[in-house]
Amino acid sequence: MRTDSCEKIRDGFVWAVFFAVVSIVLVACSDDKSVAGGSTEDAGIIAIKNLDVAGLTQKGPFVKGSAVTVQGIDCKTLKLTDEHFEGSVKSDKGDFTVKEVSLKSTCALFEVTGIYRSEITGKKSSKELTLHALTDLKDRENVNINVLTELEYERLLHLVTEKGKTFAEAKSQAEQEVLAAFDIAGSFEEFENLNIFEGGDGNAALLAVSVMMQAETDDAGLAKRMEKFADSFAETGNWKDSATKATIADWAADAIAGNGLDSIRKNIESWDIGDTVAAFEKYITAEFPDTVILSSDSREGSSSSNAYANDGSEYDATANTLKDLRDGKVYKTVKIGSQVWMAENLDYETEKSYCYNDSSKYCDKYGQLYTWATAVEACPTGWHLPASAEFDTLFKAVGSQMVAGNRLKATSGWKTNINLGDEYGFSALPAGSRYFDGTYNSEGTNADFWSSTEDGGGSNAYAMYLNSDDAEAFLTAQSRNLGKSVRCIKDDTTSSVPSGSGASSSSVRVNTDAGSEYNVAAGTLKDLRDGKTYKAVKIGKQTWMAENLNYETENSWCYNDSSKYCDKYGRLYTWAAAIDSIALASDRTNPQNCGNGKTCLFSKKLQGSCPSGWHLPSRAEWLTLFVAVGGKSVAGQKLMSTSGWKEEIGTDDYGFSALPASERYIDGTYNSEGMYAYFWSSTMDSNYTRGDTIFDVSSNAYAMHMYYGTEKADVEYQGKNLGVSIRCVMDDTEPLDSLYRWSWDVPKEVRRNPDIAYDSITDTRDNKVYKTVKIGSQTWMADNLNYSDSVTTPSLVGNSVCFGNDAAKCEVAGRLYTWNVANEVCPSGWHLPDSTEWQTLITTVGEKHAGEVLKSQTGWKLHTDSRGSGTDAVGFFALPVGHTNENGVFGDEELYATFWTASDHGGNSGVFVYMWYMYDTVEFKNVDKKWRVPVRCLKD
């Protein structure tokens with residue numbers, strides 16, 4: 001790992017201040033004993049004199065005024081000299097000239113910093129970028145600075161200063177290795193000769209790499225991506241970043257299938273620079289090599305033509321073993337379905353990996369625990385950290401997610417050894433986790449395995465989770481800073497497109513990803529796929545289309561099969577058409593069989609049939625819209641257009657202008673124009689049951705609906721084969737803001753359902769007031785208890801806390817109590833309900849969806865298919881405020897709402913109920929009575 005000083009060198013030099021120390025820092029970044037040759041800085045020798053050096057600066061072209069510097073550097077040692085020359089980009093074509101360059105050595109380090117034009121967007125970048133080029137000026141007067149010269153830069157340094165190669169040898173090898181990392185073969189000119197505005201294979205390769213490096217990331221992300229490339233590439237010549245390569249490959253597959261590459265070409269041509277644009281399309285790849293073939297010095301002692309760029313691995317399919325050549329450790333492997341998995345946890349030591357309880361004996365037993373950033377790079381060459389879709393494939397191979405837990409667990413080592421079959425030899429052991437504060441927990445009860453799939457929120461990633469009490473396996477979003485286990489999967493085992501998906505080589509993707517143009521000032525969205533323009537409106541933090549989508553796809557229709565209705569109402573889509581099921585089935589990295597009678601999970605915003613930059617809203621996003629306009633009870637009236645309805649009660653206060661297009665029925669008939677409006681969401685109704693029964697997939701999905709003559713709007717189930725309208729929401733309007741997501745700073749009253757009429761009681765012990773609500777035959781507190789008078793109730797001492805020991809959080813969450821105290825803490829006339837009384841509540845609101853009905857409308861983390869928050873339909877107002885375990889560790893806010901019951905499981909265990917962001921149900925669980933958990937009181 002490089003020091004901070006070395007990183008500063010690569011990121012740019014502050015020339016005016018640091019002339020005197022630059023050479024010292026560079027020397028510190030290398031080992032003098034391995035440096036080849038000596039210095040050329042002999043007094044009086046001038047190798048380059050008064051040379052005017054011209055060139056081009058290209059990501060796309062850097063804009064006029066971007067700073068260009070030339071720094072002298074010794075060709076043999078790559079030590080910087082004190083020779084420094086400055087220039088700038090002369091025009092928006094990226095051209096520059098640095099005049100009268102004089103150097104004691106022929107080599108020089110060029111650097112450009114500035115704003116550039118992006119080939120993908122066609123616009124100027126929002127942030128500056130710095131690129132470098134190391135070159136020998138002996139026989140040249142032109143030096144182009146570009147993405148390829150940047151990517152080879154640190155590798156070239158390493159090969160000279162650490163491997164003893166000459167500058168020419170190092171440059172030739174580094175250039176071959178960079179191109180090989182992008183699966184580009186051929187012999188091209190030196191990188192500093194290349195120009196994206198000229199023909200030829202080398203220029204095409206430059207533009208292709210430049211485009212791929214910026215795929216699916218912003219300006220700041222590009223700089224980080226190139227820095228990360230250098231970190232993994234400099235020493236090995238191998239780009240070992242499976243997560244980034246998968247992202248680029250996914251983008252490339254979409255761009256190749258649609259007309260995304262044509263859009264890029266048009267962007268570049270619109271700049272009107274040069275006579276041609278290099279034919280970059282032929283080098284855009286959706287497949288990156290896992291190994292790079294290097295010259296013999298890259299791996300000493302290796303004579304194999306298939307030598308990996310790092311220390312590699314040896315897989316013995318007969319013995320079912322994997323040998324990690326980095327440290328010599330040998331692991332059992334197992335083939336399950338089409339996949340080959342490690343059958344033991346990875347135990348390769350890195351900077352951010354740990355043994356449970358910081359004891360090596362646990363590493364021998366469980367392997368290391370890794371932070372997510374470390375995990376994505378930890379597997380040996382030829383193996384990789386599995387994506388969430390690959391865990392899904394594993395679940396299907398062993399029966400289903402509902403039974404995968406027991407079938408994958410080892411037969412011993414678990415706290416509850418019930419029905420543990422280890423039928424496939426996966427042998428999952430309960431290694432527990434390492435927390436942020438350096439503590440460890442859950443050995444014997446939990447096993448967590450990182451996936452490479454990131455959660456959309458930015459701070460989490462998905463992990464497979466197994467629990468000693470559950471037969472299921474789960475994919476849950478976890479903080480990337482937690483320490484979790486790693487199981488690697490072999491690279492050449494792949495998941496195919498599910499059968500019955502309807503995808504074929506002749507399938508045409510519904511969404512061609514041609515992009516869109518959003519004019520903020522005019523409030524319009526132009527869909528570049530067909531040129532149609534729609535009104536758009538910002539409501540709260542979201543930006544919505546203010547007209548229904550009218551993009552023609554398979555399985556979409558005009559009302560009454562008449563084009564005049566499409567002009568009026570837009571088209572009516574089946575849910576499969578709305579989500580673009582053909583594209584989902586054709587996805588190269590995560591093919592999914594979605595549609596009627598099928599289930600699948602969406603790990604990010606789902607574009608569906610919406611234009612690029614917009615997406616099909618989730619159920620949660622519709623609920624967010626309702627919150628912004630005052631609640632479901634008035635949302636219909638406030639969002640309806642003022643005309644066109646059978647009863648015109650709409651006020652259209654926000655410009656949403658919902659029209660009553662009604663729907664198309666399964667039999668192809670149309671009905672009720674003027675009476676109803678329906679709009680698809682991306683969220684399915686899973687309709688599964690728990691226990692040993694495999695969930696039964698329904699044929700419904702959520703849709704927002706409005707009816708004539710009523711002020712209310714809601715999100716309810718619709719049959720997936722019905723034809724329903726679409727309203728798209730813009731990607732960069734984030735519904736998961738501080739109101740919608742969990743935040744202790746949001747007062748609980750802001751989250752309460754405004755449609756509920758509550759009663760209240762006053763606890764005479766401390767005069768606190770609690771809202772109450774009658775649900776069926778029961779009357780419940782609609783707030784968590786917040787009683788803390790330990791003078792009147794001495795047993796509270798040490799047995800109740802505010803979350804995080806922060807008194808302000810008790811105003812949101814109430815207090816957290818141990819089981820023994822919870823049984824005596826309710827005010828007079830109220831009591832802690834037992835399991836039977838909780839079951840009465842669950843039955844009253846509908847067992848299958850009790851959690852959804854009882855959860856608060858906001859504050860819950862979203863699951864991959866957009867479940868999470870509830871409807872709070874009866875006003876129970878269950879907030880995900882978390883709890884502590886028996887060791888007093890706080891956690892699970894945003895994920896769980898838990899409540900003690902009065903039921904005793906015996907011994908040290910009491911019974912609590914919980915609602916989880918991933919389920920619509922309410923479940924019972926036995927936990928240690930020392931857990932501190934919220935309390936809801938029930939009227940006697």
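Predicted model: local features only at pLDDT ≥ 70, side-chain atom pairs only at ≥ 80, totals over all residues.
Residues are numbered from 1 along each chain as its sequence is written, and side-chain values use heavy atoms, leaving out hydrogens and water.

Start with helix H3 (residues 147-161) and helix H4 (residues 167-181), whose axes come within 8 Å and cross at roughly 130°. The axes are lines fitted to C-alpha atoms over the stretch in contact, with angles from 0 to 180 degrees between N-to-C directions; helices are DSSP runs (H or I, at least four residues), numbered from the N terminus. On the H3 side, the contact (heavy atoms within 4.5 Å) includes Leu148, Leu151 and Arg155, and on the H4 side Phe167, Ala170 and Lys171 are among the residues involved. The residues of this contact split into nine nonpolar, one polar and five charged.

Leu151 turns up again in the largest nonpolar core: of its 66 residues, Leu151 is one of those touching the most other members, along with others including Phe110 and Trp251. Such a core is a set of buried Ala, Val, Leu, Ile, Met, Phe, Trp, Tyr and Cys residues joined through side-chain atoms within 4.5 Å, buried being under 20% relative accessible area, exposed over 50% and partly exposed in between (1.4 Å probe, protein chains only). Helix H5 (residues 201-213) gives the most to this core, nine residues. A second, separate core of 63 residues includes Tyr770 and Val821.

Now for the backbone. Ser427 isn't a glycine, yet its phi is positive, about 55°; Ser427 counts as partly exposed at 23% relative accessibility. Asn767 also has a positive phi, near 65°, and is exposed at 59%.

Definitions and conventions:
Helix = DSSP H or I, 4+ residues; strand = E, 2+ residues; numbered from the N terminus. Nonpolar A, V, L, I, M, F, W, Y, C, P; charged D, E, K, R; others polar.
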